[in-house]
Amino acid sequence: MSGASGSKTIDRPLPVIYNCLMDDLYIKAAELLNNSRRTIALTGAGVSAESGIPTFRNDDGLWKKYDPAIYASYEVFLRDPSKYWEMRGDFIRTYNSLAPNNAHKALAKMERLGKLDQIITQNIDGLHSKAGNREVIEIHGNLQESSCMTCNREFTPANLPEGIPPYCPCGGVIKPSTVLFGEPMPEEAMERALFESSHCNLMLVIGTSATVQPAASLPVIAMDHGARLIEINPEPALFHADLRIPEQAGRALPALLDNLP
Ligand code: NAD
């Protein structure tokens with residue numbers, strides 16, 4: 001998997017807790033979750049892997065077909081928006097056929113139980129909301145939403161004009177809400193994410209290689225404000241996690257719920 005995550009864990013002592021038996025990890029994690037006043041989750045592509053969406057760095061599917069340096073580049077979009085729109089149909093068809101997995105479902109249950117206050121996700125697939133989570137900040141936007149770059153009119157697949165690229169009735173180019181490489185982050189979503197990260201007691205960091213900024217800074221911000229960090233990733237990537245569960249999210253999150261008192 002990611003070379004960055006591998007190299008990060010080699011040259012430093014692992015927290016003692018890392019060597020605990022898996023059962024002990026879940027008991028400890030459930031204890032942290034149960035005692036936390038405000039818990040948030042930062043999720044990345046790994047949380048959707050078990051739904052059949054390949055992670056970015058291990059993609060053998062759509063991102064192999066569409067070089068993100070061209071098809072998901074903001075600079076290219078501004079010059080030639082048709083490139084992005086050529087690719088998007090394929091993504092929508094693929095993503096629409098996929099369903100939330102046990103990780104998404106466990107996070108939705110956690111919110112229903114009052115144990116999870118907020119999700120901040122880098123994913124654009126909408127699966128957290130589909131699973132039932134209500135408090136979701138999508139810092140990289142959402143594949144389904146787009147708006148006119150001239151008049152800001154908003155579009156969903158239901159009212160999106162036809163054509164590649166599609167044009168707004170006002171004549172403006174329509175741009176997806178998905179954040180493209182090189183594009184400024186959506187201000188409001190980022191402000192909320194920063195606020196949540198600096199006001200939580202516990203952050204669950206799930207299925208992210210923590211290499212894409214500014215999302216990668218959010219666990220550091222949480223830690224600097226006194227929060228504990230639990231990382232769930234078969235290939236842990238964080239330097240500074242208090243507890244690491246080296247397991248797939250679809251197994252780890254239900255097990256964590258099972259261990260709640
Ligand atoms: P990444 O591809 O850099 O890292 C994925 C991480 O998930 C890796 O550390 C990997 O070890 C871990 N992982 C793999 N399977 C897992 C599982 N079953 N359970 C838990 N962890 C698992 O992803 P990233 O850090 O999110 O950054 C990539 C960027 O690409 C993000 O900006 C994201 O928006 C975008 N992206 C989104 C989607 C999506 O919407 N589903 C998919 C691919 C990429």
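Ala, Val, Leu, Ile, Met, Phe, Trp, Tyr, Cys and Pro are counted here as nonpolar, Asp, Glu, Lys and Arg as charged, and the others, Gly among them, as polar. The views below show a predicted model.

**View A. Lining of the second largest pocket.** The second largest pocket has a volume of about 720 Å³. Its lining is formed by 27 residues, of which Glu145, Ser147, Glu154, Ser177 and Pro186 are the closest to the pocket centre. By class, the lining comprises twelve nonpolar, seven polar and eight charged residues. At least two lining residues come from each of β3 (136-138), β4 (146-148), β5 (154-155), β6 (174-176) and α10 (187-198). Helix α10 provides the largest share, with four residues.

**View B. The open sheet β5-β4-β6.** Three strands, in the order β5-β4-β6, form an open sheet with antiparallel pairing. Strands β5 and β6 stand at the edges, and each has a single partner strand, so one side of each is left without a neighbour in the sheet. The antiparallel strands β4 and β5 are joined by two bridges. Ser147 is placed opposite Glu154 of β5; both residues also belong to the group closest to the centre of the second largest pocket.

**View C. Packing of helices α2 and α12.** Helix α2 (residues 22-35) packs against helix α12 (residues 249-258) at an angle of about 65°, and their axes lie 9 Å apart. The crossing of α2 past α12 is right-handed. Tyr26, Ala29, Ala30 and Leu33 of α2 make the contact with Arg251, Ala252, Ala255 and Leu256 of α12. This contact has seven nonpolar residues, one charged residue and no polar residues.

Methods: Residues are numbered from 1 along each chain as its sequence is written. This is a predicted model: local features need pLDDT of at least 70, side-chain atom pairs count only at pLDDT 80 or more; totals for chains, interfaces and linings use all residues. Side-chain values use heavy atoms; hydrogens and water are left out. On a 1 Å grid over the protein atoms alone, a cavity is a set of points where a 1.4 Å probe fits but cannot get out, and a pocket is an open set with protein on both sides within 12 Å along at least five of seven lines; lining residues have an atom within 4 Å of a point. Grid points are joined across faces, edges and corners, and a volume is the space filled by probe spheres set on the points. Two strands pair if DSSP finds at least two bridges between them. Axes are lines fitted to C-alpha atoms, for helices over the stretch in contact, and angles run from 0 to 180 degrees between N-to-C directions. A crossing is left-handed if the near helix is turned anticlockwise from the far one by less than a right angle, and right-handed if clockwise. Contact means heavy atoms within 4.5 Å.
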